[in-house]
Amino acid sequence: MWGYNGIWPGPTLEARRGQPISVRWVNQLPTRHFLPLDYTIHGEGSDVPRVRTVTHVHGARVLPENDGYPDAWVTSDGRFGPVRASNPCNYPNDQQATTLWYHDHAIGITRLNIYAGLAGFYIIRDPEEDAFNLPSGPYEIPLMIQDRSFSADGSLLYPPAPEGTHPAWMQEFFGNVICVNGKVAPFLEVEPRKYRFRLVNGSNSRFYHLTMVPADPSGKPIGKASSAPPFIQIGSDGGLLPAPLRTRAMILSPGERFDIVIDFSELKGMNLAITNDAPAPYARGGQIVPSDVMLFKVIKPLSGPDASSVPETLAPFARLTSNEAVRERILTLSEMDRLSDGYTMIGLLDQKHWDDPISEDPKAGSTEIWSFANTTGDVHPIHLHLVQFQVLNRQPFDAKTYLQSGKLVFTNVPIPPESSERPAWKDTVKTYSGYVTRVIARFDLPSGVVPKPGEEFRYVWHCHVLEHEDNEMMRPYKVVG
């Protein structure tokens, strides 16, 4: 495996709001990759080093040279990509308390580098969150969920796609076990009290539909979700929600974060299993679906009174409204599939390749609506760098007519955001097949940055299914002064 500081997940970085930090990311990896490369993928050709890395802090509001631009890669022997990144990278942390994560973002091999272990947590804290008296210290635990497959000797297995449309690239990767913080289906002994868990879906392609059920000591479910405590969601990608959301199930797409509290106080002696039953690919199915995620054993003695609480009101929330938007962009999500069996050959955003001229160019400080028209059969988690956005709605449309004529013909009325998005600050959104998913964002640069007229700041937006991202489902965009 590979890891930041040699561990998987990498070290958890913690910062305070308004207190900048610098991080020097140093590539000390071998020059040969231990996973199968595919030289037919853009950015992964034989003209670039086999092993190259650049780190992106997912959800951070930073300048482009600190953002982990895919072409800003470096190698262990001192070579650089066509774009140069800062070293060290500077993170202003001028955003509300939230759960971010960092991971590799090198063009063409992001799927392989993250699968190899290059991912970790980045947590921002602030006084407003401190004042809520949420579970903290040993009772606040980040959980990175990633599926993996292993060979008989215990090494990571990421096989080339059999009879795929490229020599090695596969349209999605699905492992046969689920790992949490680098362990296969682990258990955690907890006290009968409230715990806070910061969840990130760090998987390549797998979505998770998580529920919690009573279980026996081995983790086998023996009851229904209604007999287990609810998940109390308190935060999303961009920080705390306005109010807690109690739910029995959560759907996490790759890249998304859920900040939750679970109250074990009345469950002394019980075992509770978190299980997954999301189809893979989501939501068509057909691939392996491991169900075991992790097990809680409420067997530790209470170390002291539980003084933590979950208030009925959390962070103040300023809604962005459609009348603030200076424009709406209709952005197409499309795939070219093999006629014989529908296997994907390539995916595109806005019908353009990575190297095509930039077409998304919001003005600094302006508000725009980005409407993602998903003409494919997949659910694509779309991630925008730099900004946090709000989900406005989703609306079904006639994808065939749209692809043939470019005309949007809606087939029903808009539906509101999902409960976990209503309202919430997001940087990754599920775009469902046959729907236009609308998000609204204000394209603010980091605080204190005053752009000159015409000055350009380049970022990216992409599908966070890593196999899709690595095969052209990623586009640059620029914020213009």
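Is asparagine 93 buried or exposed? Select it and look: asparagine 93 is buried, at a relative accessible area of 3% (buried is under 20%, exposed over 50%, with a 1.4 Å probe and protein chains only).

Before moving on, some ground rules. This is a predicted model, where local features need pLDDT of at least 70, side-chain atom pairs count only at pLDDT 80 or more, and totals for chains, interfaces and linings use all residues. Residues are numbered from 1 along each chain as its sequence is written, and side-chain values use heavy atoms, leaving out hydrogens and water.

Stay on asparagine 93, in the loop between strand E4 (89-91) and E5 (strands are DSSP runs of E, at least two residues, numbered from the N terminus). Its phi is positive, about 60 degrees, although it is not a glycine.

Next, select glutamate 163, in the loop between strand E7 (140-148) and strand E8 (177-180). Here too phi is positive, near 55 degrees, but glutamate 163 counts as exposed, with 74% relative accessibility. Most residues other than glycine have a negative phi, and most peptide bonds are trans.

A cis bond links alanine 280 to proline 281, with omega about -5 degrees. Another joins tyrosine 282 and alanine 283, with omega about 5 degrees.

Last stop: strand E1 (10-16) and strand E5 (98-104), each of which supplies at least two residues to the lining of the largest pocket.

Methods. Helices (H or I, at least four residues) and strands (E, at least two) are DSSP runs, numbered from the N terminus.
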